[in-house]
Amino acid sequence: MAKPLHPATRILLWCGWAAAVELAALPHLLLLAVASATAFVFPALRTEAVRLLRRTRWLFVVLFLAYAWALPGAGLWPGLGALSPTVEGLQYGALRVARLALMLLGLAVLLALTSRSQMIYGLYFLSWPLARLGFDRRAFAVRMGLTLEYVERAPRGTRWLEALRNPQPDAAGPEAYTLQAEPWQWRDSVVILAAGVSLVVLSCA
């Protein structure tokens with residue numbers, strides 16, 4: 001049985017997906033939308049996708065309205081003058097919302113297929129070039145892991161930021177935080193190379 005892709009590969013694939021969604025022209029964007037719709041076929045992916053889209057629904061509304069009323073162009077209802085949204089604004093607003101939704105669908109796939117510890121290890125792995133600049137990636141991984149674990153264990157109804165600022169006296173955390181290392185495989189390099197070539201072709205099309 002083939003091993004899953006390295007966590008760093010999954011993170012890079014999502015970054016490539018986000019770049020492809022941002023750079024794709026409308027015809028290619030429709031193809032990406034059809035491809036991402038397959039996420040709703042699988043229960044785990046569907047649950048994560050619905051959660052992310054629901055949490056960002058007001059951001060979608062604000063973006064759409066901001067583009068509709070702020071972007072100059074032909075008024076949708078000329079009789080209203082400056083109070084009318086523009087046709088161009090509605091078009092660009094809908095396109096911006098669609099791009100953001102597709103990025104979130106890709107993120108939903110990443111979160112559904114990657115555990116919290118794998119995500120942290122992937123970021124730890126990808127931050128190795130910064131180590132030459134003095135960046136302590138071990139401390140970064142430990143702090144991120146402990147913070148996420150503390151937030152997850154916080155009582156319901158507690159605001160996570162307030163809980164981090166004022167921890168409870170009995171909220172004892174673990175004495176050590178361990179990440180499971182995963183080896184980089186040759187097929188990770190092949191997948192990244194193929195994704196990079198696909199991104200270049202899509203951006204040049």
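Analyst: In this predicted model, Pro7, Ala8, Arg10, Ile11 and Leu12 of helix H1 meet Gln118, Met119, Tyr121, Gly122, Leu123, Phe125 and Leu126 of helix H6, where a contact means heavy atoms within 4.5 Å and helices are DSSP runs of H or I with at least four residues, numbered from the N terminus. By class, this contact of H1 with H6 has 9 nonpolar, 2 polar and 1 charged residues, with Ala, Val, Leu, Ile, Met, Phe, Trp, Tyr, Cys and Pro counted as nonpolar, Asp, Glu, Lys and Arg as charged, and the others, Gly among them, as polar. Helix H1, residues 7-23, packs against H6 at an angle of about 80°, and their axes are 7 Å apart; the axes are lines fitted to C-alpha atoms over the stretch in contact, and angles run from 0 to 180 degrees between N-to-C directions. H1 is therefore roughly perpendicular to H6, a label that covers 65 to 115 degrees, while angles under 35 count as roughly parallel, over 145 as roughly antiparallel and the rest as oblique.

As for the basis of these values, residues are numbered from 1 along each chain as its sequence is written, and side-chain values use heavy atoms, with hydrogens and water left out. Because the model is predicted, local features need pLDDT of at least 70 and side-chain atom pairs count only at pLDDT 80 or more, whereas totals for chains, interfaces and linings use all residues.

Beyond the end of H6 (116-126), serine 127 sits in the loop that runs to helix H7 (137-153). Serine 127 counts as buried because its relative accessibility is 7%, buried being under 20% relative accessible area, exposed over 50% and partly exposed in between, with a 1.4 Å probe and protein chains only. The side chain of serine 127 reaches the backbone oxygen of tyrosine 124 at 2.8 Å, and, apart from neighbours within four places in sequence, serine 127 is in contact with Phe135 and Arg137.

The structure holds 4 aromatic pairs, for which the ring centres of Phe, Tyr and Trp (its six-membered ring) must lie within 6.5 Å, with planes under 30 degrees apart called stacked, over 60 edge-to-face and the rest tilted. Phenylalanine 135 and phenylalanine 140 form a tilted pair, 5.6 Å centre to centre with 55° between the planes. Phenylalanine 135 is partly exposed at a relative accessible area of 34%, and phenylalanine 140 is also partly exposed, at 26%. Ring pairs also link Tyr121, Tyr124, Phe125 and Trp184 into a cluster.

Tyrosine 124 has a further relation to H7, the helix in which arginine 138 lies: the C-alpha atoms of arginine 138 and tyrosine 124 are separated by 7.3 Å, although the two are 14 residues apart along the chain. Arginine 138 is exposed, with a relative accessible area of 60%.

Leucine 111 and alanine 49 are 62 residues apart in sequence and 9.3 Å apart in space, C-alpha to C-alpha.

For the chain as a whole, there are 9 helices and 0 strands, and 28% of the 205 residues count as buried.

Note on methods: Helix = DSSP H or I, 4+ residues; strand = E, 2+ residues; numbered from the N terminus. Polar contact = N/O pair within 3.5 Å; in protein donor to acceptor, adjacent residues only side chain to side chain.
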